[in-house]
Amino acid sequence: MTGRNPGGALTGEQRDVLAALADIIIPAAEGMPSASEIGLAGEWAERALAAMPADAVAGLQRILSENAGGSPAAVIDALIRTRPADLDLLVATVSGAYYLHPAVRARLGYPGQVPRTLPPEEVTETPYYLTGGPLERVRRRGPVYRPTPR
Amino acid sequence: MGPASLNGSPDTADVLIVGAGASGSVAARHLSAAGYSVVCLEQGGYSARSDFPGADLEWELKAQQKWHPNPNARSRPEDYPCEVSDSDVNPLMWSGVGGSTILWAAHWVRFLPSDFRVKTLDGICDDWPFTYEDLEPYYRRVEEEFAVSGLEGDPAYPSPYRPPLPPLPIGRIGMKAAAGLDKLGWHWWPGPNAIASRPHNGLRQCTLRGTCLTGCPEGAKASTDLTHWPHALRSGARLITGARVRELPLDERGRVTGAVYIDRDGRERRVRAGVTILAANGVGTPRLLQLSTSSRFPDGLANSSGLVGRNLMMHPYAAVVGVYDDPLESWLGPAGQSIQSMQFYETDESRGFARGAKWQVMPSGGPLGLRSGYAGSAGEERIGANLHRGIAELFGHAFEWGIIAEDLPEEGNRVVLDPVLTDSDGVPAPKIIYRNSANTRAMLDYHVARAVEAHEAAGARRTLSTSLMRDCGWHLMGTARMGTNPATSVVGQWGRAHDVPNLYIIDGSTFVTCAGTNPTATIAAVALRCVDHMIKNASSQEVAYA
């Protein structure tokens with residue numbers, strides 16, 4: 001893997017570029033924090049990159065290195081116009097890191113894919129939607145299959 | 001008891017099974033319980049529950065490569081690549097103990113009676129050599145083994161059909177979807193799942209994580225490494241992992257003598273067996289048959305009909321996402337299915353196409369999954385404040401009606417050996433040649449339009465349709481079809497190859513038609529029926545000896 005920093009997937013310069021671009025992609029808006037407000041370019045980006053395919057990580061490193069020193073808004077605009085695949089990868093990485101953050105998840109009302117153990121008495125043969133009637137209406141309409149011909 | 005055992009050396013057995021997936025596992029469990037010495041060769045290995053990413057914060061990201069269902073995306077050494085440049089659909093599968101049941105969504109749906117009589121009822125394709133009623137006792141037996149959770153009384157089936165475990169909760173997404181179908185007067189029913197709603201057969205109770213498609217970290221989803229292999233191993237079956245079969249040799253009498261495989265040290269080894277069973281799925285099985293040429297079978301083992309590899313069917317898939325104002329907790333599992341509908345399953349010629357499709361409601365996953373809802377949008381629409389607005393609109397407020405379309409068998413849709421591509425052991429890889437037909441396109445257009453109506457009836461604010469997905473080839477069928485005529489089929493109704501009396505095929509390759517619903521229930525039931533027959537007729541079984 002190219003450009004791998006022993007401390008993570010990104011060099012310091014790449015992290016700075018990511019932080020700047022990420023705030024264009026995910027600003028503070030609609031009641032949600034910006035990428036920089038949650039420290040996206042640090043721990044959260046590294047966690048996301050550690051979970052992503054190697055070729056995606058290499059692609060992101062290239063994008064960040066190629067766009068060091070540019071105005072973030074101009075970089076994003078240029079990617080939209082001329083390098084949509086690079087924009088896709090950048091947005092995927094930034095989103096992937098952003099939605100890991102507990103504060104972001106809390107604002108969305110998303111607890112994560114957490115377990116919910118149902119008490120045995122809630123797993124019954126007669127579920128609630130039966131007593132309400134809709135499934136009884138299905139039954140009363142009768143068979144919807146064609147039987148085996150005799 | 002089986003036929004007289006071979007000399008008891010580790011590389012000999014009464015029965016060799018190639019593939020430790022759904023059908024191979026059923027065979028291993030029941031043959032070993034009946035006293036046969038069984039060896040199973042599996043190219044992959046075991047998956048530990050702790051490996052599955054569903055309990056990880058980074059679950060959605062980890063699903064993108066290592067746990068992706070497309071072997072070409074994973075590219076693990078134990079995956080063989082598939083050449084797909086001439087295919088509209090990518091085949092999906094998992095190589096390992098449990099086969100594709102490791103990553104499947106565990107929808108457990110019996111075929112309907114008409115699925116076995118397509119020729120008689122609709123005047124097209126062929127009838128199966130047995131009926132729903134012939135298979136029904138085997139459905140019941142495997143449903144107990146696979147811990148199927150569901151509700152009795154579905155009018156889509158003849159009575160009695162009573163799943164062994166009560167249904168999993170259908171959740172707010174199920175109730176919302178059902179409200180729409182209720183308004184339209186359309187069929188729906190709680191979707192049966194091979195996911196334990198209570199502890200059963202070594203499985204734990206489902207905790208509704210909704211990460212089923214990347215392996216179940218709870219051990220609640222039925223995968224045959226959990227439901228069948230412990231039984232088989234206790235009965236003395238031997239499972240050799242990391243074993244990549246490259247050929248099935250033939251003796252001078254035309255019997256298969258077992259298999260030649262490559263182990264993880266790169267050494268070529270042999271297993272000798274009286275009977276060989278292929279259970280390598282609708283791509284792997286024809287691949288192995290085509291790799292096993294001889295003077296007797298220059299076009300591939302058991303291929304005098306020329307049909308090995310042909311009639312590939314893969315269930316084209318479409319989906320309609322509905323977006324609602326109500327909070328629906330749409331990330332909650334099982335994934336799995338919430339409810340299903342057979343309203344448009346049976347043929348109605350007035351629609352302009354033959355056969356039909358089963359629908360199911362599935363959860364949406366986490367926030368990254370919803371980004372695909374606006375894939376293809378212009379760049380500005382996907383970033384900035386628009387990104388937040390898009391997520392706020394979709395996440396937790398959307399669910400999908402998925403549509404599984406029955407594709408008709410066509411000989412031109414096929415699996416062949418690629419002339420260039422190989423797996424990590426240098427064995428020629430399969431090439432998939434598959435085109436969606438006009439019937440398929442007309443069917444999906446119709447069903448997508450009906451699914452939009454269903455969402456609108458349920459109160460959806462808007463819908464997002466995907467008419468033909470490429471990564472949908474979960475169900476691999478038809479490539480070693482069964483039938484009574486050796487000129488037009490590869491195996492008979494008991495899975496035995498017409499050309500080779502000690503070779504059996506028991507996976508979805510043997511399907512005559514593919515129905516419009518998930519095949520694993522039928523794969524498992526057919527496998528058990530074949531194995532039962534083998535056991536009952538052991539005294540007349542022709543065998544090979546080394």
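This is a predicted model: local features need pLDDT of at least 70, side-chain atom pairs count only at pLDDT 80 or more; totals for chains, interfaces and linings use all residues.

1. Within helix 6 of chain B, the buried residues are I173(B), G174(B), K176(B), A177(B), A178(B), G180(B) and L181(B), and they pack against strand 10 (339-341), strand 11 (357-362), strand 12 (398-405) and helix 11 (438-457) of chain B. Just after this helix comes G185(B), which takes a positive phi of about 75°.

2. Helix 1 (residues 12-25) of chain A also deserves a look, with Q14(A), V17(A), L18(A), L21(A), A22(A) and I25(A) as its buried residues. Seen down the helix axis, these buried residues fall within an arc of 135°, so they line one face of helix 1 of chain A. The face turned away from that buried side carries E13(A) and D16(A), which are exposed.

3. The cover over the buried residues of helix 1 of chain A includes helix 2 (40-51), helix 3 (54-66), helix 4 (72-82) and helix 5 (84-98) of chain A, together with helix 10 (385-394) of chain B.

4. In chain B, helix 5 (residues 132-145) packs with helix 12 (residues 520-536) at an angle of about 105°, their axes being 8 Å apart, which means that the two helices are roughly perpendicular. Among the residues making the contact are L135(B) and Y138(B) of helix 5 and A525(B) and L528(B) of helix 12, and the residues of this contact divide into nine nonpolar, one polar and five charged.

Note on methods
Residues are numbered from 1 along each chain as its sequence is written. Chains are lettered from A and ligands numbered from 1 in the order in which they are written. Side-chain values use heavy atoms; hydrogens and water are left out. Axes are lines fitted to C-alpha atoms, for helices over the stretch in contact, and angles run from 0 to 180 degrees between N-to-C directions. Helices (H or I, at least four residues) and strands (E, at least two) are DSSP runs, numbered from the N terminus. Angles under 35 degrees count as roughly parallel, over 145 as roughly antiparallel, 65 to 115 as roughly perpendicular and the rest as oblique. Contact means heavy atoms within 4.5 Å. Ala, Val, Leu, Ile, Met, Phe, Trp, Tyr, Cys and Pro count as nonpolar, Asp, Glu, Lys and Arg as charged, and the others, Gly among them, as polar. Buried means under 20% relative accessible area, exposed over 50%, partly exposed in between (1.4 Å probe, protein chains only). The arc is that of the directions from the helix axis to the C-beta atoms.
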